[in-house]
Amino acid sequence: MLSTSIKDATKEAHLELEKKVVKKLKDIRSDAGYADFLKHFYAYFNHVEQAISPFITTELLPDYQERRNSAYLKRDIEELGADVHGLPDTTVPEITNILQALGALYVMEGSIMGGPIIVKMLEKGGITKGVSFFSGYGEATGQKWGTFVGVMNAQAGTETEEAIAIQSANDTFSHFSEVFGPVSVVS
Ligand code: HEM
């Protein structure tokens, strides 16, 4: 099943991105610093949303419009007293079909799972504003994830189809990693 194979096949890409994100989080000292961090998420998620929008229809995923998206990030950035000007450059994988779009959306929807950890890390640094994006779906997270995974699995009936979604998910992770710049060798 795609939900099993995609998790396995993107484990390394997740870890690499997670490391970068945690490092950036640990450097945050102020609301302004947090807003800058969020701008990286906003620039990338907004760009990916545009790339997948022709394929992620409400026929495919009926609750898509109610799902958390980059509008939450924009609101959080503004709550912190910043705005969405001067965004970092982003590139996104080429999305030309539903399977690739679902692979990309898997990465964005899955990012909700790490959200509570991120909110706790921010709290430790005294940051409590602008956390709507990372708060995700709260108690509805499990149910929302189940719905998404069901739709994703239904589109990939063969190994070839699974491979298309997996490649797209891995590319979506690696393009996002690039937004945060190169990993420093000395940590
Ligand atoms: C501080 C940073 C992060 C932490 C600590 C973190 C942690 C986690 C945790 C604990 C899970 C749940 C694993 C499980 O229940 O099996 C998860 C799942 C996931 N995360 Fe992250 N994450 C982080 C950042 C991200 C980001 C930035 C993205 C993507 C943009 C992402 C994408 C995913 C995906 C796609 C899954 C779903 C895996 C699956 O069940 O198929 N994560 N993450």
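**Figure 1. Helix 5 and the lining of the largest pocket.** Helix 5 supplies nine residues to the lining of the largest pocket, the most of any element. The model is predicted: local features need pLDDT of at least 70, side-chain atom pairs count only at pLDDT 80 or more, and totals for chains, interfaces and linings use all residues. Residues are numbered from 1 along each chain as its sequence is written, and side-chain values use heavy atoms, with hydrogens and water left out. Helices are DSSP runs (H or I, at least four residues), numbered from the N terminus. Helix 1 (2-9), helix 2, helix 3, helix 5 and helix 8 each give at least two residues to this lining. A pocket is an open set of points on a 1 Å grid over the protein atoms alone, with protein on both sides within 12 Å along at least five of seven lines; lining residues have an atom within 4 Å of a point.

**Figure 2. Volume and centre of the largest pocket.** The largest pocket holds about 680 Å³ of space. Its lining has 25 residues, and His-14, Glu-18, Gly-110, Ser-111 and Gly-114 are the closest to the centre. Volume here is the space filled by probe spheres set on the grid points, which are joined across faces, edges and corners. By type, the lining has 16 nonpolar, six polar and three charged residues. Nonpolar means Ala, Val, Leu, Ile, Met, Phe, Trp, Tyr, Cys and Pro; charged means Asp, Glu, Lys and Arg; the others, Gly among them, are polar.

**Figure 3. The ligand and its shell.** The ligand takes up the space of the largest pocket. Helix 2 (11-26), helix 3 (31-52), helix 5 (98-124) and helix 8 (159-179) each give two or more residues to the shell around the ligand. Helix 5 gives the most, with eight residues. A molecule sits in a pocket if more than half of its atoms lie within 2 Å of its grid points. There are 19 residues around the ligand, and Lys-7, His-14, Tyr-106, Val-107 and Gly-110 come nearest. The shell divides into 13 nonpolar, four polar and two charged residues.

**Figure 4. His-14 and the iron atom.** His-14 is found in helix 2. His-14 (NE2) is the only protein donor of the ligand's iron atom, at 2.1 Å. Donors are N, O and S atoms within 2.8 Å of the metal (3.2 Å for Na, K and Ca); water is not among the atoms, so the site may look incomplete.

Figure 5. A polar contact is a pair of N or O atoms within 3.5 Å. A side-chain N or O atom of Tyr-106 lies 2.5 Å from a ligand oxygen. A polar backbone atom of Gly-110 lies 3.3 Å from a ligand nitrogen.

Conventions:
Near = heavy atom within 4 Å. Polar contact = N/O pair within 3.5 Å; in protein donor to acceptor, adjacent residues only side chain to side chain. 1 Å grid on protein atoms, 1.4 Å probe; cavity = no way out; pocket = protein on both sides within 12 Å on 5 of 7 lines; lining within 4 Å.
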